[in-house]
Amino acid sequence: MSDIDVPDGPLVDPWLTVAEIAEELRVNPATVRLWISKGRLPARRAGQRKLLILRSDLDRMLEVTRTEPSPPGYQPRPWDPRYPLQMGPPQSLSQLSTADIHGRQASADETQQIIEELQLADELWGQAREASENAPPDPGFPHRVRALAEACEQQGTALARAGWTEGFAWTPLPDRRYMALSHELRAGGNRPGPPALWAEFDRAVQRLGIAMEGSLMYAVAFQYRDLAAVMHNIADVLLGETPITREQRK
């Protein structure tokens, strides 16, 4: 990435900020920064902290994404006209009905958008887990916990939307209930912070693993969301933040 001078006046190929792209694509700004760090999306610096992306570069990246194969973890199935459209996705497992499992019909464009969201969520999650798995104990630990929490949120959002839509079904993953997210987060490891929160974290990881062994995508989505909440609480304690300051930082 190189520094640039942004000219005044309208541009044929306009510059976009990370926040503008995140809002347009309805993704976390961390996802956009991940694309940039991995070289998928070219960016230029305007000052010390601001990143700018050409509209044409974003369009090219999205076009490549549309031609990539779907990630594992779900599989297409035909829409069944016997089940009516729903008014909106459930907000908790207690609101989930049999009809919700079959979901609603989506257009080809919306289906493709959901596939892209799932791909990006998987990528962000894999990146965060890899960073936690391969890192030695150091002052960056709380930030890796935060990155995993944000990746959990992204997974939960993408899977919940897919789980409400015809054409998507979770593929059960065996033997996940005793999984560990990474070596530094394993139960019994040297994890800084309140033991009660880490015990809650271990239970949330196990609940996510049990959901992954099943076939209900919504269950997986909700458990990702619950795990994200626990990990955000841990990161808040370690970083001296609150939910309010966390949102302000974003």
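1. Strand β3, which covers residues 50-54, is largely enclosed by the rest of the structure, because four of its five residues are buried. The model under review is a predicted one, and the points below should be read with that in mind.

2. Strand β3 belongs to an open sheet of three strands, arranged in the order β1-β3-β2 with antiparallel pairing. Strands β1 and β2 stand at the edges and have a single partner strand each, so one side of each is left without a neighbour in the sheet. From one strand to the next, the twist averages 45°.

3. The pairing of β1 with β3 may be followed residue by residue. Strand β1 (residues 15-17) runs antiparallel to β3 and is joined to it by three bridges. W15 stands opposite L54 of β3, while T17 stands opposite L52. A student may trace these two pairs in the structure to see the antiparallel arrangement of β1 and β3.

4. On the pairing of β2 with β3, three bridges again join the strands, with β2 comprising residues 44-46 and running antiparallel to β3. Here A46 is found opposite K50 of β3.

5. A helix also meets this sheet. Helix α1, formed by residues 18-25, lies across β1 and β3, and its direction is at about 80° to that of β1.

6. Turning to charged side chains, how many salt bridges does a search of the whole structure find? The search finds twelve.

7. Within helix α3 (residues 55-67), D57 and R60 lie three residues apart, about one turn of the helix. Their side chains form a salt bridge in which the closest N and O atoms are 2.5 Å apart. Is D57 buried or exposed? D57 counts as buried, because its relative accessibility is 9%, and the cut-off for a buried residue is under 20%.

8. R161 and E117 form a salt bridge with an N to O distance of 2.6 Å. This pair links distant parts of the chain, 44 residues apart: R161 lies in helix α6 (residues 141-163) and E117 in helix α5 (residues 108-133). Both partners, R161 and E117, are buried.

9. A further salt bridge connects R177 and E213, whose closest N and O atoms are 2.6 Å apart. R177 lies in the loop between β5 (169-170) and α7 (195-213), whereas E213 lies in helix α7, so the pair ties together parts that are 36 residues apart in sequence. R177 is partly exposed, with a relative accessible area of 33%, and E213 is likewise partly exposed, at 23%.

10. D175 counts as exposed, because its relative accessibility is 70%.

Conventions: Residues numbered from 1 in each chain as written. Heavy atoms only, no water. Salt bridge = Lys/Arg side-chain N within 4 Å of Asp/Glu carboxyl O. Buried < 20%, exposed > 50% of the residue type's maximum accessible area, 1.4 Å probe, protein only. Pairing = 2+ DSSP bridges. Axes fitted to C-alpha atoms, helices over the stretch in contact; angles between N-to-C directions. Contact = heavy atoms within 4.5 Å.
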